[in-house]
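Have a look first, then read on.

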Amino acid sequence: MGIQGLLRNIHTLLVPPPTHPSNDQQQNGESTTNAQQRSNNRQPTQQQPQRNNPAIKHNIRQFSQKSLAIDASSWLHKAGYTCAERLVESTESGTRDPIAEKAYCKYMLDRCDELLNWAKIDKIYLVFDGIRVPLKSDTNADRESKRQANLREARRLQSMGRRNEASEKYRACVKGNETMARVVAAEVEKKYGKDVT
């Protein structure tokens, strides 16, 4: 995920300044009439508040010299895709895989570097999920059941030599955990110090 993907999940929380070029719909090659028609078709109603208007676009650089809080658990999950097989198998066996740790830490550090160096964000706060909520126990049990089914299928495909298909199934088994969060937090602190996150 690059800079473009960073704002997708926090889109509804952001309101760009009216003079920001990302709001200029003519920049996308649209005529003023087409842009106005689209805008008229999306007038906010009680069911669709203004902040959910998909026509609003953001640019990460508009937050230059600001502080951002990042859903690091989402990043961590995506980071697990970089080393899915090793990560899943080590998690299942209750061991730690240094190669997997290096891979997902690199992913996380690269995302931080993009924000700090390219977008010139002043400070970022990585926010990890807390403990599991009992209210979601049914959802979590369902997810674990699907994860175990995907794991069995990944191992079956792997034993048949169908590595690409197995790799997809391993990706479906990835889940972030507390150990991963602690390893990433330690690497981020080592690279940037306590002030950054």
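## The α6/α7 pair

Let's start with helix α6 (residues 137-159) and helix α7 (residues 163-173), which pack at an angle of about 160° with their axes 8 Å apart. Axes here are lines fitted to C-alpha atoms, for helices over the stretch in contact, and angles run from 0 to 180 degrees between N-to-C directions. That angle makes α6 roughly antiparallel to α7; under 35 degrees counts as roughly parallel, over 145 as roughly antiparallel, 65 to 115 as roughly perpendicular, and the rest as oblique. The crossing of α6 and α7 is left-handed, meaning that the near helix is turned anticlockwise from the far one by less than a right angle, with clockwise giving right-handed.

On the α6 side, the contact (heavy atoms within 4.5 Å) uses R147, N150, L151, E153, A154, R155, L157 and Q158. Ala, Val, Leu, Ile, Met, Phe, Trp, Tyr, Cys and Pro count as nonpolar, Asp, Glu, Lys and Arg as charged, and the others, Gly among them, as polar.

## Ground rules and overall layout

This is a predicted model, so local features need pLDDT of at least 70 and side-chain atom pairs count only at pLDDT 80 or more, while totals for chains, interfaces and linings use all residues. Residues are numbered from 1 along each chain as its sequence is written, and side-chain values use heavy atoms, with hydrogens and water left out.

The protein chain has eight helices and two strands, and from the N terminus on its elements run α-α-β-α-α-α-β-α-α-α. Helices (H or I, at least four residues) and strands (E, at least two) are DSSP runs, numbered from the N terminus. Of the 197 residues in the protein chain, 34% are buried; buried means under 20% relative accessible area, exposed over 50%, and partly exposed in between (1.4 Å probe, protein chains only). Among contacts in the protein chain between residues at least 6 apart in sequence, 75% join residues at least 24 apart.

The residues involved are A84, E85, V88 and E89 of α4 plus R163, Y170, R171 and C173 of α7. The class count for this contact is four nonpolar, no polar and four charged residues.

Then there's α3 with α5, packed at an angle of about 130° with axes 8 Å apart. That makes α3 oblique to α5, and this crossing is right-handed. α3 brings A72, W75, L76, K78, A79 and G80, and α5 brings Y104, Y107, M108, R111, C112 and L115. By class, the contact of α3 with α5 has nine nonpolar, one polar and two charged residues.

## The core

Which residues touch the most other members of the largest nonpolar core? Y104 and M108 do, in a core of 36 residues. Such a core is a set of buried Ala, Val, Leu, Ile, Met, Phe, Trp, Tyr and Cys residues joined through side-chain atoms within 4.5 Å. Elements giving two or more residues to this core are β1 (67-71), α3 (72-80), α4 (84-93), α5 (98-118), β2 (123-127), α6, α7 and α8 (178-192). Its largest share, nine residues, comes from α5.

Leaving aside residues up to four places away in sequence, Y104 touches L76, A79, G80, T82, C83, L87, M180, V183 and V184. M180 sits in helix α8 and is buried, with a relative accessible area of 1%. M180 and A100 are 80 residues apart in sequence, and their C-alpha atoms are 9.8 Å apart in space.

## Two positive phi values

Most residues other than glycine have a negative phi. Q65, in the loop between α2 (32-41) and β1, has a positive phi near 65°. At 57% relative accessibility, Q65 counts as exposed.

K120 lies in the loop between α5 and β2, and its phi is also positive, near 60°. K120 counts as partly exposed, at 46% relative accessibility.
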